Each structure stands twice: as C-alpha cells, then as structure tokens.
Amino acid sequence: MCGIVGYIGFKDVKEIILRGLEKLEYRGYDSAGIAVAYNNNIYICKEKGRIYSLRESIDRSITGYLGIGHTRWATHGEPNKTNSHPHQSSTGRFTLVHNGIIENEEELKNKYLQGVKLNSDTDTEIIVQLIEKFVNEGEPVDLAIRHTMSELKGSYALAIIDKEDMDTLYGAKNKTPLLAGKGDGFNMLSSDAMAMIDYTNLFYEIKDKEFLKVTKDSIEIFTISGEKVTRKPYKADIDTIDTEKGTYPHYMLKEIEEQPFVIRKIISEYTDENGNIKISPDILQDVRSCNKVYIIACGTSYHAGLIGKQFFEKISKKPTEVVIASEFIYNMPLLSEKPMFMFISQSGETADCISVLSKIKDMGYKTLTLTNVKGSTLYREVDHTLLLHAGPEIAVASTKAYTAQIAVLAILASSIDNRVNIDVCKELSIIANVMESLCSDKEKYKSLAEKYLVNSRNCFYIGRSMDYHVCLEASLKLKEISYIQTEGFPAGELKHGTIALIEKNTPVIGIITQEKINLNTRSNIREVEARGAATMIISMKKVSQDTDAIVIDNVNELLSPLVAIIPAQYLAYYAALLKGCDIDKPRNLAKSVTVE
Ligand code: F6R
C-alpha cells in the first residue's frame, strides 16, 4: 500500500527518493509523487501509474537536499495526478505525504476548514491544511503538527516539509509503519526499511502518536504532548543483495526458487549444534498451557494457518481454530477458557491483524506472531515472536513466505508435544531437496500453463484434506497474478452445486498427496472429466498414476503442502507470463495491506 520516503542531507535528493520509491513498489501503488526543497521553493512532480513515468517527468535541473516522496494506493478519490501526493497547504508553505486513512475527515473539514479551498478528493489534504491553519493562528510549527495529530482519528505516517525551514524534515506516526534511518551527515524517514537500506542499516523504531524532527545531523523523537523520547537505534540485518532481482526476470520467480534455501535456513535457525529444536521455553510454556490456539491471518498467511491447524491438532493434539482477521474483528468466535493467539503475517503490518491484536491485548490473552519482518508492528506488539527467515519477499504474490510459515509452524507444533513420531527437521531437509528438484522442471510447468490455463476464463483446483488447503493457496496464486477466475474446492463438495460450472475444457487441477483420499479425489476428477473438463493431476509418487501431469517425490504426508504448492506457484507464474500480466505487481493489489 502507500509508501513514504523522506531524506535530508548532503546529496541531491531526487535520485535517493526515486530509488526509495522503487524499493517500495512491491507494496503496490497506482500513482507516485515527489517534492524537493530548493532555493527557498518547493518543486513538486506527480504521475499516475508507475515510477518510471515519474522519473521521466522530473525536471533534472532541480537540485535539493531535502525531499519527500510517495507511492499512493488509492483509498479516497481516484488514482490521478491531483489526488496523488505530495499535497500542499493553501499558501504552499507546507508540503506533506501521508500513508494511512483519516476517519474523521468530514468532521475536521466542517470544524476547521470551512473557508479553505481543497484541491483534491483525498483525506490527506485535510492534514496539511490543518497544520497551516494552526500555524496561521500563531502556533509554532512543531506544536501545530502535534495539535493536528491530536485532532486526527485514523492511521497516518507523515513526512512534512516547511518551506520556511529547509533544514528540518518533520514526521509523525499512528497505526501505520514509520521508521527513521540514521546516516552519516544525512537522515531519512520511510514506511519501510527497504527504501533506506541502500543508504543505512541503522533505524529508529517510531511508535504510535510520536512526532519527529529530523535534520541532516539529528533525529529527535517526541510524544504527541511534546516530551522528548530517548531511544536507541537498532541495526537491521537486511542484505541489499536480497532486495535485488539479480538475473531473474521477476521477483516472483526468484522467490519461488529461493524456497529450498529458505527451508534450510529455517532448519539452521531453529536447531542447536546437536540438531535439537531451539524455541524459547517461554513460548513453549505459553502454547502448552493454553487450551486452544487461535490462528489469526489473512490471504496466503491464512492458508498457511489452515495447514498449521493440522500440525497442532495432529502432531501435538492441541485444539486449534483458524480465523480470517477481518472476520474476527466483527464476529469473534466464542473463545475457549484459556486461549492463545497466534498471528501469521509475512509483513507484520497487516491492518486487519493489528486490529485483532489490539482487541486481544485489551482482553489480556497471550500472543505470538510468526512474521518475516523483524521490528514490524506485529513483531513488536506481541508477547512472543518467531521469525520466518525467508529474506525480503518483494513480489506481491507470496510464495516463499507461505512455505516458511508452514515450516516454522511444523517446527513449533513438534516441539510443543510430539505425540506423532515425526522428526520435523529431518523431514524438512528432505523437503528442501524435493523442492530443488521440482524447481528444475520449469519447461514442463510452462507448457502445462500454455496448454491448460492461458486461454481459460476460469479454473478449479480440487483436493481433499490437506490437499484442499493447498488448493486454496494454489487458486489464490493463479487468480491474483493471471486474473483467471480460480476456485480452490474440496473435491467431494463439487457435486453439491459447483459442478454446474464445469463446461467443455474448463481446467480442473487435482492435487493428490494423501494415501487415504487418493481414490476418492480421482473419482471426483473422473466426474468432472465426464462433463468435459480438461483435467490435470499433481500427485505424490506413492499415489501417482502414469497419466498424472506432475509427480512429486515422496515426502512425509503431513508436510506435503510444502512441496505440492511449488508446481502450482510455477503454473500461476507461467500463466501470468504467457498472458503478459505484470507478475510482480498485479493490478489492484498491495503487498503490505495497511488499511482495514
Ligand atoms: C497473496 C498475498 C496476500 C497476503 C495477505 C496477508 O499472495 O500475499 O494474500 O498473504 O495480504 O499479508 P501478510 O502475510 O503480510 O499479513
């Protein structure tokens, strides 16, 4: 979703901001803009669409050392030049970029801005106009910004420039991420460390309702009421190489092929020198002593949670319920006597999960997050965290984070109470090898995608038991990047209605990895075949038949989702590639969904 970058220092700011915005592209956006302070003036350039259009439009002759930039994912008002950020106050004194949503926009307009002409349809413009109004009424700039913060309801990460003080960059945060990056002779602000990592790896965490005053030599953090906050910076261990595509045409392909390494990395992070699983005793104690685990997540992470439930219930006999975060908020299930909450989130910033977390914290329950992003909101605000160690995931469609989530869930489940005799780490290292061999079969996936998917309007993935959960993720992958309408369906349920949608050549992909459901799923495949479907089967060797399109080497059945998803990720990738879709940045989607 929206991303902001700000820089103050000694280098021409244009390229720094543009590169920062490019690093935020993965979050999803539909327009972008930049403001540069120069010669007591502010230069603004905005464009609808991609950052390369913004790059082309920028006046190269402008040079400045203070600037802010923004990628916008439209919420209020259509994606066009007028609505894109930065926005300016009426006199042009203040210029601002904003990530988040202001909920009391109308109320503030009526209360404070009756005579003020607004130029855009955004909620953001209200913020910059309010700051100017309070300054015009005699408040010093920092007070005016803090006063404005106290009036705002909703979420915001802000970077603000005052034309009358070009030595200061202001920032503010509430309920949406903001970090300050500390450099040598320069400082930065951004909603994501990724935008600053080429310049610094030292960051200050900024908390809700905090206000920032940044110069090229200092970063000062204040509470909303103006008290100075003392905080040490932390060092981020992101390798800039990890954020590059290298020789890969797309991040998604790179990330699919990184999965064997991610699994090996997880094994090494979660085992000691004797090969024993290493998870904090406090975490184990809390999970053991709860009487039900509630997994809260969205999208792909929710699908990983469904597999996690199988692990907790089958490996460690711990009752588990998986709830979509946005549903939990307004329709909370009847909770068990001693619940524990487990948040699964690649980004650690998903607003729907954060809302559940704040509700749960008020109720006093124990919380754990599985996330890929150290320092993210869901990382910081819970009792315990388990990192995914997947490395930065840039493509909007999640691949390696999904398998990393499943692997970490398996390790956790097996260390709570291993009633099923399974050496998870040994099985995971077999899985890493099988993943590797699956990754060497790309031509096959490409030709299957060409034969079955490229010219199809819709598609089904069907399976039973664990395979059904993989089907849900497989179908999400295909639909989100190729725009082919795809449903993941329990194979046995089709005949209760949905089979009506099967027509001549409708692609139906069966996933079969479990011995006990093999024959049943195959019968369901024959039922759709009889109605004209073009069927394809992805199976595990021990249950395979000669006609199956993709056969995966045997792995432990319980962990089979980790390998069964790989061909499906490739099929989605190649279907999107052959259709000419924007694979890493599919339409309408954002990587980090920071609005509810
Ligand atoms: C799909 C995808 C999304 C995310 C979802 C939750 O490929 O990436 O469905 O899984 O938006 O995001 P996180 O895991 O960051 O909470």
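Helices here are DSSP runs of H or I with at least four residues, and strands are DSSP runs of E with at least two, both numbered from the N terminus; the expected span of a helix is 1.5 Å times one less than its number of residues. This is a predicted model, in which local features need pLDDT of at least 70 and side-chain atom pairs count only at pLDDT 80 or more, while totals for chains, interfaces and linings use all residues. Residues are numbered from 1 along each chain as its sequence is written, and side-chain values use heavy atoms, with hydrogens and water left out.

**Helix α18.** At 1.5 Å a residue, the 18 residues of α18 (residues 561-578) should span 26 Å, and the end C-alpha atoms of this helix are 26 Å apart, which agrees. Because 16 of its 18 residues are buried (under 20% relative accessible area with a 1.4 Å probe and protein chains only; exposed is over 50%, partly exposed in between), α18 is largely enclosed by the rest of the structure. Gly580, which follows α18, has a positive phi near 75 degrees.

**Pocket and cavities.** On a 1 Å grid over the protein atoms alone, a cavity is a set of points where a 1.4 Å probe fits but cannot get out, whereas a pocket is an open set with protein on both sides within 12 Å along at least five of seven lines; lining residues have an atom within 4 Å of a point. A volume is the space filled by probe spheres set on the points, which are joined across faces, edges and corners. The structure holds 2 cavities of 30 Å³ or more.

The linings are sorted by class, with Ala, Val, Leu, Ile, Met, Phe, Trp, Tyr, Cys and Pro as nonpolar, Asp, Glu, Lys and Arg as charged, and the others, Gly among them, as polar.

| Site | Volume | Lining by class |
|---|---|---|
| Largest pocket | about 890 Å³ | 16 nonpolar, 9 polar, 15 charged residues |
| Largest cavity | about 70 Å³ | 3 nonpolar, 8 polar, 2 charged residues |

Domain 1 (3-246) and domain 2 (248-438), with bounds from an automatic or database domain assignment, both give residues to the lining of the largest pocket, so this pocket lies between them. α7 gives the largest share of that lining, 3 residues. The largest cavity is lined by 13 residues, and those nearest its centre are Arg72, Thr75, His85, Asp123 and Thr124.

**Cysteines.** A search of the whole structure finds 0 disulfides, a disulfide being a pair of cysteine sulfur atoms within 2.5 Å. The sulfur of Cys290 is 18 Å from the closest cysteine sulfur, in Cys353, too far for a bond, and Cys290 is buried, with a relative accessible area of 5%.
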